[in-house]
Amino acid sequence: MILAVDIGNSNIVLGCIQGQTIEKEARIATDLIKTSDQYCAELKNMLDLLEVPVSSIEGSIISSVVPPLLNSFKTAIRKLTGLTPLVVGPGIKTGLNILLDNPAIAGGDLIVGAVAALAEYPAPMLIIDMGTATTITAIDAKGNYLGGCICPGVKIAAEALSSRTAQLPAISLEAPKKAIGRNTVDSMRSGLMMGSAALLDGMIERMEAELGQETTVIATGGIARFVIPMCKRKIHYDKDLLLKGLLRLYENNNKPGGR
């Protein structure tokens, strides 16, 4: 079994993958203060809860957008399993042709998502990841990684509204019934949720105009499943996109001639 770990700004996603099947999945909160020993204990407790024996872990791979946590979690996995995890970063074989000004700065999560999407969907494509930030990555018809955009995530926007304005409360992120809210909470939900959907529709349209053709659009991330139904554009929701990408990268880097 392979342990795939996606370290995000808000959550750390754990995937226990047997063959090509994601058998178990869990999330733990990202905490910059925790030590490697604390993460080791938390990881052990989570595997016990999932009924996954530590002895069944044959390999591991990590993607992280939180640099201070990477070494702590690598050490935690090594202490728990005795294995040194593969890390998504410079030197890893991705098979991607990255056309950024500086390919070395490409976010690990964006690379992982692109690898998975190219394996399952036709190019050209746009890949949306709605987490703490909302990102859209553009892949052209030849499979080249072109770049994309980074926008504030829905939760960040909601927190900014409630913390920076005196009369706006903290709210739950639920789909609004109408664009025109009749009270403060409904108006905030309209702006946050429908506003995010409109942002996606608008950015998809603009990016496709630059590419000169229609694309396949794929979305992942926890909040995406609530926002996508409000979009006018057809978008494929794939909640396990990053775990699939981590598995593919692990396989490509652990076989002779892997690309």
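**Salt bridges and a covered helix**

Arg 189 is buried, with a relative accessible area of 15%; buried here means under 20%, exposed means over 50%, and partly exposed is anything in between, using a 1.4 Å probe and protein chains only. The model is a predicted one, so local features need pLDDT of at least 70 and side-chain atom pairs count only at pLDDT 80 or more, while totals for chains, interfaces and linings use all residues. Residues are numbered from 1 along each chain as its sequence is written, and side-chain values rest on heavy atoms, with hydrogens and water left out.

Back to Arg 189: its partner is Glu 174, and the closest N and O atoms of this salt bridge sit 3.8 Å apart. A salt bridge is taken as a side-chain nitrogen of Lys or Arg within 4 Å of a carboxyl oxygen of Asp or Glu. Glu 174 lies in the loop between α4 (154-164) and α5 (184-211), whereas Arg 189 is in helix α5, so the pair ties together parts that are 15 residues apart in sequence. Helices are DSSP runs (H or I, at least four residues), as are strands (E, at least two), and both are numbered from the N terminus.

Searching the whole structure turns up 10 salt bridges. One of them joins Arg 233 and Glu 214, at 3.7 Å from N to O. Here both ends are in loops: Arg 233 in the one between α6 (224-227) and β11 (236-237), Glu 214 in the one between α5 and β10 (216-220), so this pair links parts that are 19 residues apart in sequence. Glu 214 counts as exposed, with 63% relative accessibility.

In general, an α-helix has 3.6 residues a turn, so residues three or four places apart point the same way. Both side chains come out partly exposed, Lys 44 at 32% and Asp 48 at 40%.

Salt bridges also link Glu 25, Lys 239 and Asp 240 into a network. Next comes helix α7 (residues 241-252), whose 12 residues should span 16 Å at 1.5 Å a residue; the end C-alpha atoms are 16 Å apart, which agrees. The expected span is 1.5 Å times one less than the number of residues. This helix is mostly covered, with 9 of its 12 residues buried, among them Leu 241, Gly 245, Tyr 250 and Asn 252.
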